[in-house]
Amino acid sequence: ENYGEGIFFELDSKKLNQWLDAILENKSVLSRINTIKENIKNHDHIKKDKFLNDRHLAKFFLIHTLSHILIKELEFLVGYPATSLCERLFINENEMSGILIYTIAGAEGSYGGLTTQGTNEGFRKILSSALFRATDCASDPVCLNTIDGQGVGGLNMAACYSCTRLPETSCEEFNSYLDRWLLIDKNIGFFKD
């Protein structure tokens, strides 16, 4: 049994489904999804049946990447090192689209730092700042415009340690299935508005 604190949030399913319907008709998005599916197929160490379809994969990429940029932002605003923050993803094909970002007692940082940021005002500030930071990466344009995938098994698109990837102890997916382009692209990004 562990004691700690965390922030749980869930994306609005109506807006998420509208966005998924729109992007899955976009050739650029389908190309990125097909690259990842091909990389999954070509590597023996990767679970082949993790994603049921393109919609599930795109949804996972969006929510997982959002989790990472928020953890990076919390590191700046709250003072917890990213190594002491963890994610728990609640994502399936239809109903679940949530994230829990948490720390356990005894981790570095001031106890109460996450919960004080969990208010509407605090979270809005964190999200806005995280999205702003995600628009620029020290490795751009190479990071943002990758076409073959990057990271272990080529399972990431626009995601490197400069912008999105976290210490291994923080990520439940071993820094795989990340693409900040789906968050911030001016034409198709979930947060484009």
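**Helix packing, a cavity and an aromatic pair**

Me: Why are α3 and α5 called roughly perpendicular to each other?

Reply: In this predicted model, α3 (54-78) and α5 (residues 120-134) pack at an angle of about 110°, with their axes 9 Å apart. Angles of 65 to 115 degrees count as roughly perpendicular, whereas under 35 is roughly parallel, over 145 roughly antiparallel and the rest oblique, and α3 and α5 are therefore roughly perpendicular. The angles run from 0 to 180 degrees between N-to-C directions, along lines fitted to C-alpha atoms over the stretch in contact, and helices (H or I, at least four residues) and strands (E, at least two) are DSSP runs numbered from the N terminus. Residues are numbered from 1 along each chain as its sequence is written. Local features need pLDDT of at least 70 and side-chain atom pairs pLDDT 80 or more, while totals for chains, interfaces and linings use all residues, and side-chain values use heavy atoms, without hydrogens and water.

Me: What makes the contact of α3 with α5, and how do its residues divide by class?

Reply: Contact means heavy atoms within 4.5 Å, and the residues that make it include Leu66, Ile69 and Leu70 of α3 and Phe123, Ile126 and Leu127 of α5. They divide into twelve nonpolar, one polar and two charged, where Ala, Val, Leu, Ile, Met, Phe, Trp, Tyr, Cys and Pro count as nonpolar, Asp, Glu, Lys and Arg as charged, and the others, Gly among them, as polar.

Me: What makes α2 roughly perpendicular to α3?

Reply: The axes of α2 and α3 cross at roughly 95° and come within 11 Å, which makes α2 roughly perpendicular to α3. Leu30, Ile33, Ile36 and Lys37 of α2 meet Asp54, Leu57, Ala58 and Phe61 of α3 in this contact, a set of six nonpolar, no polar and two charged residues.

Me: How do you know that there is a cavity, and which elements give two or more residues to its lining?

Reply: A search of the whole structure finds one cavity of 30 Å³ or more, a cavity being a set of points on a 1 Å grid over the protein atoms alone where a 1.4 Å probe fits but cannot get out. The elements giving two or more residues to the lining (an atom within 4 Å of a point) are α2 (27-41) and α3, and the largest share, four residues, comes from α2. Among the lining residues are Val29, Arg32, Met157, Asp179 and Leu182.

Me: Why is the pair of Phe9 and Phe123 called tilted?

Reply: Their rings lie 4.8 Å centre to centre, with 50° between the planes. Rings of Phe, Tyr and Trp (its six-membered ring) pair if their centres lie within 6.5 Å, and planes under 30 degrees apart count as stacked, over 60 as edge-to-face and the rest as tilted, so Phe9 and Phe123 form a tilted pair. The pair links Phe9 in β1 (residues 4-10) with Phe123 in α5, 114 residues apart.

Notes
1 Å grid on protein atoms, 1.4 Å probe; cavity = no way out; pocket = protein on both sides within 12 Å on 5 of 7 lines; lining within 4 Å. Points joined across faces, edges and corners; volume = space filled by probe spheres on them.
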